[in-house]
Amino acid sequence: MSPWACMLTRKQPRPCPLFYKGWYHLFYQYNPDSAVWGNITWGHAVSADLIHWLYLPIAMVPDQWYDINGVWTGSATILPDGQIVMLYTGSTDKSVQVQNLAYPADPSDPLLLDWVKYPGNPVLMPPRHIGPKDFRDPTTAWAGPDGKWRLTIGSKIGKTGISLVYQTTDFKTYELLDEYLHAVPGTGMWECVDFYPVAINGSVGLDTSATGPGIKHVLKASLDDTKVDHYAIGTYNPENDKWTPDNPEEDVGIGLKWDYGRYYASKSFYDPYKKRRIVWGWINETDTESDDLEKGWASVQTIPRTVLYDNKTGANVVQWPVEEIESLRQNSTVFEEVVVEPGSVVPLDIGVATQLDISAEFETELLGSGAPEEGYGCSGGAIDRSAMGPFGLLVNAHDSLSELTPIFFRSSNTTKGTNTYFCADETRSSLAPDVFKQVHGSKVPVIQGEKLSMRILVDHSIVESFGQGGRTVITSRIYPTKAIYGAARLFLFNNATGVNVKATLKIWRLNSAFIHPFPLDQI
């Protein structure tokens with residue numbers, strides 16, 4: 001069992017996080033009866049440090065006509081007086097998606113054990129021009145200059161993904177604005193929309209209601225058609241509640257992905273304790289439903305990540321594992337300037353390689369002319385050789401190399417300049433025939449003078465890879481059959497034909513986090 005990434009969900013995805021009275025809370029969609037979809041309730045766990053987690057009793061169950069077919073995704077808003085309001089999507093007895101209000105039964109309880117559903121639910125029904133099954137996942141609310149609260153809900157009109165905007169003063173009655181926050185043709189249903197400010201100086205996270213000079217806004221949507229999270233950075237006008245992307249060619253759903261791997265339905269929250277924005281995402285399975293039923297659980301959450309605006313590129317965010325993950329670090333091993341020649345694999349003697357935090361930098365020495373090469377990227381995987389790539393690390397690798405997962409860079413000189421790709425190749429990650437394996441990745445911005453760098457968190461069957469400080473992130477869900485436990489190894493590799501690679505690494509072995517029920521009998 002995965003030691004820390006499995007800490008949050010055993011059945012289903014889509015988190016609702018918040019920080020309250022010293023505890024980080026995670027509410028999540030959960031099927032207490034099976035490892036497959038159905039009977040969606042809200043599971044609940046808390047942590048003091050985002051790493052070690054304690055399960056609490058189920059927070060909400062589908063027991064009313066307005067949520068009898070599922071207590072689905074929701075968001076918490078903490079008001080200035082400290083009051084929590086929770087909006088969530090319910091699927092009614094007629095399978096209509098509606099928005100409902102809930103609040104803590106005892107606001108003085110830091111564990112938020114008991115929740116009360118508002119007797120006037122549902123507080124929002126689908127508008128007449130919206131399909132009854134196309135109206136879900138309310139965001140955390142933000143305050144406008146007029147003192148009213150705003151929130152947005154994902155939907156679609158035909159094949160155009162949209163983000164509806166509502167205003168409210170009491171979270172019980174709402175006004176639907178005539179204009180959308182944003183819409184992008186051809187992107188289909190938007191779900192799990194996230195919307196929040198980021199500081200242009202890239203220094204700290206911001207409260208969801210922050211506006212003004214020096215601030216951009218991130219709009220993220222999970223595309224139901226493709227099961228991919230996309231985002232864009234733009235400008236929000238609080239006077240008309242419209243958001244405009246900085247680069248229309250990289251608008252929501254047609255440009256940047258939040259994570260280029262096995263990742264979906266992410267949700268962020270503002271952590272006032274450490275002044276940071278933290279995001280979680282759902283890692284769904286790559287094996288079969290029958291495998292999930294046999295093991296009794298399915299789906300996990302990523303390690304929580306901080307999110308900042310990349311003030312070096314001005315075009316993307318950077319994601320990075322929360323600093324608390326470093327509390328799991330044990331002994332470390334350093335490798336200085338290891339030369340990896342074309343076509344070679346170099347073992348890294350660190351012992352068992354199933355739980356690792358890897359920091360690596362790479363420099364290349366061109367051996368040929370560096371003539372332009374067109375058409376190279378991630379899609380060919382680590383066996384597709386070109387002059388300047390691929391090179392990187394083989395994680396969860398067996399001594400025989402019969403199973404391995406390459407995490408790599410590939411650069412290419414084109415007629416328009418140098419492109420660099422950051423990629424993860426799962427195609428040889430497992431000998432199991434029923435595991436879905438593919439190659440993930442994308443271009444990664446590299447600023448002049450920067451070395452190529454990656455950070456990799458290896459947690460048995462999960463690999464989270466961060467390229468160039470988190471500009472491009474890839475989550476891999478793999479199921480090795482031989483490269484497990486004591487048989488898992490780590491290698492450097494260079495499958496380029498025209499460069500020597502010099503690698504410097506620091507590798508920590510990681511301890512396991514504790515994950516167990518909260519000792520309520522000791523309170």
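Which side chain meets that of Glu-285 in a salt bridge? The note below answers this in point 4 and treats the other features in turn.

1. Basis of the note. The model is predicted, so that local features need pLDDT of at least 70 and side-chain atom pairs count only at pLDDT 80 or more, while totals for chains, interfaces and linings use all residues. Residues are numbered from 1 along each chain as its sequence is written, and side-chain values use heavy atoms, with hydrogens and water left out.

2. Overall form. The secondary structure comprises 1 helix and 35 strands; helices (H or I, at least four residues) and strands (E, at least two) are DSSP runs, numbered from the N terminus. Along the principal axes, the C-alpha atoms fill a box of roughly 70 × 55 × 40 Å.

3. Of the 523 residues, 60% count as buried (under 20% relative accessible area; exposed is over 50% and partly exposed lies in between, with a 1.4 Å probe and protein chains only). The protein exposes about 19900 Å², of which carbon and sulfur atoms supply 50%; the areas come from the Shrake-Rupley method with a 1.4 Å probe, and for residues only the protein chains shown count as cover. Among contacts (heavy atoms within 4.5 Å) between residues at least 6 apart in sequence, 63% join residues at least 24 apart.

4. The side chains of Glu-285 and Lys-295 meet in a salt bridge of 3.3 Å, N to O. The term denotes a side-chain nitrogen of Lys or Arg within 4 Å of a carboxyl oxygen of Asp or Glu. Because Glu-285 lies in the loop between β19 and α1 (289-295) and Lys-295 in helix α1, the pair ties together parts that are 10 residues apart in sequence. Glu-285 is buried, at 9% relative accessible area, whereas Lys-295 is partly exposed at 29%. A search of the whole structure finds 29 salt bridges.

5. A pair between two loops. Glu-324 and Lys-274 also form a salt bridge, at 3.0 Å from N to O. This pair links distant parts of the chain, 50 residues apart: Glu-324 is in the loop between β22 (317-321) and β23 (329-340), and Lys-274 is in the loop between β18 (264-271) and β19 (276-283). Glu-324 counts as buried at 11% relative accessibility, and Lys-274 counts as partly exposed at 33%.

6. A further pair. Lys-227 and Asp-224 are joined by a salt bridge of 2.7 Å, N to O. Lys-227 is partly exposed, with 39% relative accessibility, and Asp-224 is partly exposed at 24%.

7. Two buried residues. Ser-453 lies in strand β30 (residues 452-459) and counts as buried at 18% relative accessibility. Leaving aside residues up to four places away in sequence, Ser-453 touches several residues, including Phe-409, Phe-466 and Gly-467. His-25 is in strand β2 (residues 23-30) and is buried, at 0% relative accessibility. With the same exclusion of residues up to four places away, the residues that His-25 touches include Cys-16, His-44 and Pro-110.
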